[in-house]
Amino acid sequence: MAIIRVGQKYQKGDRVQKRTAGGTKPPRFGTIKLATEKNDSRGHPSWYYSVLWDDLKTPSIHAQQALIPLND
């Protein structure tokens, strides 16, 4: 099975939800403020996003795979 690379999935201003593993925490919703592409040790690009969560005043950085699009 081949690995399919995904490019930038979200844009500035998109609404997202934080992916949770166990479901014990309440869902967290926020807005993308900045998208950044970084290379890993092998030189492959990965996307990271600065997200301003609705319940916080400062943004935090999260990997693309930790976010789910929110369809308003």
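Two strands are taken to pair if DSSP finds at least two bridges between them, and strands themselves are DSSP runs of E with at least two residues, numbered from the N terminus. By that rule, β1 (residues 15-18) and β2 (residues 29-39) pair up antiparallel, over three bridges. Gln 17 has Phe 29 of β2 as its bridge partner. The model is a predicted one, in which local features need pLDDT of at least 70 and side-chain atom pairs count only at pLDDT 80 or more, while totals for chains, interfaces and linings use all residues. Residues are numbered from 1 along each chain as its sequence is written, and side-chain values use heavy atoms, with hydrogens and water left out.

Next comes the β2–β3 pairing. These strands run antiparallel and are joined by nine bridges, with Gly 30 standing opposite Trp 53 of β3. Together β2 and β3 make a hairpin with five residues between them. In its turn sits Gly 43, with a positive phi of about 90°.

As for the interior, a nonpolar core here is a set of buried Ala, Val, Leu, Ile, Met, Phe, Trp, Tyr and Cys residues joined through side-chain atoms within 4.5 Å. Buried stands for under 20% relative accessible area, exposed for over 50%, and partly exposed for anything in between (1.4 Å probe, protein chains only). The largest such core has eight residues: Tyr 10, Val 16, Ile 32, Trp 47, Tyr 49, Val 51, Trp 53 and Leu 67.

Rings of Phe, Tyr and Trp (its six-membered ring) pair if their centres lie within 6.5 Å; planes under 30 degrees apart are stacked, over 60 edge-to-face, and the rest tilted. That rule turns up one aromatic pair. Tyr 10 and Tyr 49 form it edge-to-face, 5.4 Å centre to centre with 75° between the planes. The pair ties together distant parts of the chain, 39 residues apart: Tyr 10 in the segment before β1 and Tyr 49 in β3. Tyr 10 counts as buried because its relative accessibility is 3%, and Tyr 49 does so at 0%.

Contact means heavy atoms within 4.5 Å. Neighbours within four places in sequence aside, Tyr 49 touches residues including Ile 32, Leu 34, Ile 61, Gln 64 and Leu 67. Gln 64 lies in the loop between β4 (60-63) and β5 (67-69). At 11% relative accessibility, Gln 64 is buried too.

Terms used:
Helices (H or I, at least four residues) and strands (E, at least two) are DSSP runs, numbered from the N terminus.
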